Amino acid sequence: MSSRSTSVIPGFGLTLGYTLVYLSLLVLIPLGALFLKTTELSWAQFIAIVSAPRVLAALKLSFGTAFAAAVLNGAIGTLLAWVLVRYRFPGRKIIEAMIDLPFALPTAVAGIALTALYAPNGPIGQFATQMGFKIAYSPLGITLALTFVTLPFVVRTLQPVLADIPREVEEAAACLGARPLQVVRHVLLPALLPAWLTGFALAFARGVGEYGSVIFIAGNMPMKTEILPLLIMVKLDQYDYAGATAIGVLMLVVSFILLLAINLLQRRIAHG
Amino acid sequence: MSIEVRDVNKRFGGFQALQAIELHIQSGELVALLGPSGCGKTSLLRIIAGLETPDSGSIVFHGEDVSSRDVRDRNVGFVFQHYALFRHMTVFDNVAFGLRMKPKKLRPSEAVIAAKVHELLNLVQLDWLADRYPEQLSGGQRQRIALARALAVEPEVLLLDEPFGALDAKVRKELRRWLAQLHEDVHLTSVFVTHDQEEAMEVADRIVVMNKGVIEQIGTPAEVYANPASEFVYHFLGDANRLQLDEGRSVLFRPHEVRLSREPQAAYIASEVQDIRPLGALTRVTLRLAGQPEPIEAEVGHDHPGLVGLARGERLYVQPVPSAQAQPSAG
Amino acid sequence: MTTASLPVSANARATTTRRGKQTARRLLIGAAWLTFALFLLLPLLIVLGEAFKQGVGTFFTAILEPDALAALKLTLLAVGISVPLNLAFGVAAAWCVSKYAFRGKSLLVTLIDLPFSVSPVIAGLIYVLLFGAQGYFGEWLSDRDIQIVFAVPGIVLATLFVTVPFVARELIPLMQEQGSTEEEAARLLGASGWQMFWHITLPNIKWGLIYGVVLCTARAMGEFGAVSVVSGHIRGLTNTLPLHVEILYNEYNHVAAFSVASLLLALALVILLLKQWSESRIARLKTGAQP
């Protein structure tokens with residue numbers, strides 16, 4: 001770490017000032033407006049809005065599917081990170097490059113593509129139809145869409161950490177008599193846990209707020225397949241600014257608490 | 001347990017790392033594999049451990065050919081240069097690891113494991129660190145824990161790969177002595193790799209000098225120093241000066257194998273003082289000898305009478321006294 | 001000395017372990033390919049499949065349609081404004097964070113990351129709250145006949161917001177790792193602040209900049225949620241490319257929707273290539289090799 005306050009390198013005042021002004025104008029003040037607007041509601045009004053059945057249903061759906069998608073990505077991401085870091089095989093570079101596709105692709109494009117895939121008559125959806133359930137227009141569809149969108153998070157956070165574990169640690173474990181599975185279970189996975197949690201948290205946070213890739217596949221039926229961000233849009237369309245802001249604040253607060261919890265858990269694990 | 005290395009060869013791509021290596025290590029011996037980087041000493045150590053497989057040849061432990069045995073079945077203790085401690089485990093868990101990984105039938109109870117771990121931590125005098133994490137320890141402490149961990153599974157062979165390479169000079173010296181003492185107490189067949197000849201001479205019962213994938217010489221520290229088998233061994237085990245004789249012959253001598261005089265004497269060569277460097281107990285003088293292409297370095301006690309008032313550019317008379325035994329057989 | 005015959009169990013165990021490792025390797029690689037195909041490849045293929053379902057002619061009609069071109073122009077405008085602005089911000093913020101120590105630095109970094117963790121719909125919502133008809137500045141704006149929300153400025157603002165962190169996030173760790181010694185050396189040799197920045201800092205952070213700009217552009221082009229809130233969804237006027245895709249799709253004009261979508265997909269693939277390229281240059285920088 002070599003950042004130090006030094007008069008030799010100019011620009012402190014200029015850059016700090018510009019940064020703060022820019023951030024305030026563009027980010028802080030607008031976000032502040034959100035909280036300010038909410039204060040116009042009385043506490044009782046706020047509770048009434050956020051505990052409405054429709055809001056609660058959307059809350060459960062958004063957080064539930066985001067969690068499921070994050071768990072699914074926890075598994076897929078670990079698999080992909082493992083294979084990409086530890087094995088050399090033809091075509092590896094293609095997978096490596098395409099992992100970031102969900103980052104680069106506009107969410108609307110992802111949305112219609114996934115809907116086409118999982119719709120009742122789509123290439124994959126038709127198998128589900130045959131077995132009597134549907135993927136698109138159900139929470140399952142939402143979860144799969146979120147899995148696509150948040151795929152890179154776990155993979156990309158795990159890759160550098162996995163690559164960094166020195167070969168010697170595994171050799172030491174082998175010399176001490178550990179079987180390959182034991183080495184993975186007792187030596188490698190525990191070392192990856194903090195990074196895994198970070199990836200999980202990022203995927204989860206992103207999934208809760210995701211809009212574009214979900215609204216096409218969700219079906220958007222109130223109380224059943226309506227996600228929180230859509231509910232905000234609906235309220236805005238009805239000029240129910242108060243309702244929209246209340247839900248917005250709710251989303252931010254709940255996400256913040258959950259992320260804080262994950263952060264603390266991470267710190268506990270990293271130190272112990 | 002004795003170790004035999006029989007005709008081991010190893011290539012890495014186009015590079016011949018080891019060639020026709022033959023080595024016999026007695027039970028209870030402490031042997032040093034000594035040589036410069038790239039000489040193959042680490043490859044050999046890893047082949048003995050089972051971390052690499054040779055292209056040809058075999059490794060025999062106490063009469064049993066273990067060449068095709070997996071590393072975890074060879075019962076070797078291995079200590080790495082950078083410790084390879086498990087970062088996310090306490091010192092206690094690190095040392096207990098090998099015992100906990102044993103198959104159910106052979107695994108001792110936690111109580112027995114705990115007793116053994118504490119016994120080993122006491123052996124390395126670090127029992128008070130049992131609950132710490134590796135990142136909280138100094139380099140020297142980490143290496144001792146790594147050693148305790150390796151000893152926990154009661155190996156019959158102890159292998160150390162430049163164990164003190166990552167440590168400060170002073171800590172290195174302390175641990176060197178400590179390892180030698182440990183070996184006296186525990187008497188485990190041990191092989192360690194080093195490029196530091198002082199370390200090898202101080203600790204090992206026998207030294208295996210290696211260069212470019214072949215063994216140059218095997219012998220006790222005294223033997224390899226006093227009777228080097230080749231010029232390489234001579235140069236590697238200490239500083240060397242060369243004296244050109246007639247007919248293209250030359251002779252090697254050590255910096256301390258000289259006599260100095262301010263006055264000309266019979267059989268002494270005239271020289272000009274190029275540099276005088278006090279080094280504590282010794283003083284090193286660089287001299288340009290008449291008729292010799294290269295300067296020589298002489299080391300004498302700091303209170304040598306010839307040094308009184310000596311300055312650069314002055315004349316000094318020097319008689320090299322090369323040891324006849326030490327002249328390597330190859331010219 | 002005779003060697004005793006090797007106990008069968010130890011030898012067999014070594015071979016089984018080796019075979020076991022190979023099987024595990026094959027299984028895992030296979031599983032990876034399967035996941036890749038299912039989650040990454042299929043969506044890509046279906047966009048192309050649906051786009052060209054009715055032939056190449058229909059494809060080109062869809063993307064050359066006036067509303068689509070207008071949407072493209074608006075998207076490019078939003079990108080053209082937000083990327084340079086956030087580039088300047090990113091450089092300033094990274095400079096400030098990496099070269100100096102001051103209280104509240106980690107708070108600042110967290111604040112910079114805020115737009116990253118906020119739902120895009122909320123990002124649009126806040127500007128509606130400020131500049132919408134019933135917003136804090138609503139009356140002030142309508143008095144002066146200025147339209148922000150449901151007009152182009154709103155779209156640009158929303159895009160700006162969501163892309164704020166991208167360049168900064170790339171530059172901060174890179175510049176922290178590079179340290180300030182070269183800049184200090186330049187100053188000691190008499191360089192002015194700007195000379196130091198231009199000749200010393202910029203070349204060093206070149207690839208981080210490119211990488212950040214690539215990510216920023218990708219996000220700016222593809223932003224949907226935030227823009228959806230502030231746009232009036234007025235065809236030909238306040239629709240970006242992603243919004244246009246949505247309109248086409250909701251009208252059941254699937255082929256046209258996927259055609260425009262495949263345009264965005266092609267751009268996304270170009271972005272992936274650029275990303276890989278600049279990433280590898282950064283990696284080479286870090287290991288000290290010449291870029």
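## Chain C and a piece of chain B

The accessible surface of chain C comes to about 13,300 Å² (Shrake-Rupley method, 1.4 Å probe). Carbon and sulfur atoms account for 65% of that surface. This is a predicted model, where local features need pLDDT of at least 70, side-chain atom pairs count only at pLDDT 80 or more, and totals for chains, interfaces and linings use all residues. Residues are numbered from 1 along each chain as its sequence is written, chains are lettered from A and ligands numbered from 1 in the order in which they are written, and side-chain values use heavy atoms, with hydrogens and water left out.

Chain C holds 13 helices and zero strands. Helices are DSSP runs of H or I with at least four residues; strands are runs of E with at least two. The radius of gyration of chain C is 26 Å, well over the 19 Å that the globule rule gives for 291 residues, so chain C is more spread out than a compact globule. The radius is taken over C-alpha atoms, and the rule is 2.2 Å times the number of residues to the power 0.38. The C-alpha trace spans about 105 × 65 × 35 Å along its principal axes.

Now turn to chain B. Strand S1(B), residues 3–12, runs antiparallel to S2(B), residues 15–25, with seven bridges between them. Strands pair if DSSP finds at least two bridges. Ile3(B) has Ile25(B) as its bridge partner in S2(B). Two residues lie between the strands of this hairpin, and Gly13(B) takes a positive phi near 65° there. S1(B) is also joined to S4(B), residues 56–61, by five antiparallel bridges. Here Arg6(B) partners Ser58(B).
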